[in-house]
Amino acid sequence: MVSGDVTKPLFDRAVLESGALFSVYNIPSLVQAGFDALVAAVGCSGQTPVLDCLRKVPAQKLFDSAAAAGVSYLPAVDGKYVKEQQQVALSKGQIYKIPVLVLDNNDEGTYFTTYITSQDDVNALIDSFTLLPADNTQAKQIYTAANFGSPIAAVANFFGDIVFKCPDIQLVRTLTAAGVAAFKGRFSIKPTINLAAGDAFFSVIGVYHTAEMPFVWNYNPSLNQTNYEKSISQKMINTWSDFFAGSPFPGLLTAGINWPTYDSTGKRLVWSSTGTSVETVPSDLKSRCDFWDAANLRFSSANNKL
Ligand SMILES: *[C@@H]1O[C@H](CO)[C@@H](O)[C@H](O)[C@H]1NC(C)=O
């Protein structure tokens, strides 16, 4: 949504799941070495254009070599395809003005943070984020075990807020203000199959990052065949389809649910095991996101140099 000539969108609707504009993207000076290592590992050094060579590499080899080189498939700000940090682009309105549906899950951060056991761990993780303002004191006062019930919950909320939830809210708010139909949703279903399997990891991570995927794709092995999950999956598929067909949510309207676009009243749809409804974004999340909006993240200085 921020690539190329944003006045000529390459698609006209988008659903973003856990799909925030990351606060800070990579830049070439940080990722070039990894790319070069990958190119060398697959035998494409010195080939021009190098992308033509890379495209001929078998997928598994490319995947394994990337993992060995420590390369993750995240875009970088290169000044061409991605012209600048996404949040900067958003703040300037340099983004596709297309209808979006933006969904995130209750516990976006848990998947990444279960190793945390103490407030010291929480503070160390906060400090490890180079995107923070130089002074992390305030963030450490917000994300405490005392405020959230446990160190894991504190850090999971920190990670979830900063990487997913707050940028998501910023995105829909900005698009709505620009006159674009932007909808916000929350996925609140803890898939039961993982729990039935007695998996200790899944028992503590709540409605984790990616929990909604089997529902959106009707992926049977991950959906409980006997409870509500199949029917919710079908309703989500219908809703996504309604959205892409351009007629916002006739199925939901039939069910008496009017999903409003996201504005200052903070209304969003919730998918839960007991049904679908519209709720208001809670004030504590809103105020944490206001904090991050005001925090003036460091993307405009060192992190944005090409
Ligand atoms: C499916 O859901 C039912 C009802 O909640 C539950 O009793 C059962 O254990 C679940 N099965 C699996 C495989 O998750």
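Colleague: What is the torsion about the S-S bond of Cys 166 and Cys 289?

Modeller: This is a predicted model, in which local features need pLDDT of at least 70 and side-chain atom pairs count only at pLDDT 80 or more, while totals for chains, interfaces and linings use all residues. Residues are numbered from 1 along each chain as its sequence is written, and side-chain values use heavy atoms, with hydrogens and water left out.

The torsion about the S-S bond of Cys 166 and Cys 289 is about -80°, so this disulfide is left-handed. The link spans distant parts of the chain: Cys 166 lies in helix α9 (residues 151–177) and Cys 289 in helix α15 (residues 283–294), 123 residues apart. Helices here are DSSP runs of H or I with at least four residues, numbered from the N terminus. From S to S, Cys 166 and Cys 289 are 2.1 Å apart; a disulfide is a pair of cysteine sulfur atoms within 2.5 Å. Cys 166 and Cys 289 are both buried, that is, under 20% relative accessible area with a 1.4 Å probe and protein chains only (exposed is over 50%, partly exposed in between).

By the sulfur distance rule, there are two disulfides. In the other, Cys 44 is joined to Cys 53, with an S to S distance of 2.1 Å. Its S-S torsion is also about -80°, so the bond between Cys 44 and Cys 53 is left-handed. Cys 44 and Cys 53 are buried as well. With the bonded cysteines of the protein chain numbered in sequence order, the pairing reads 1-2, 3-4.

Conventions:
Helix = DSSP H or I, 4+ residues; strand = E, 2+ residues; numbered from the N terminus.
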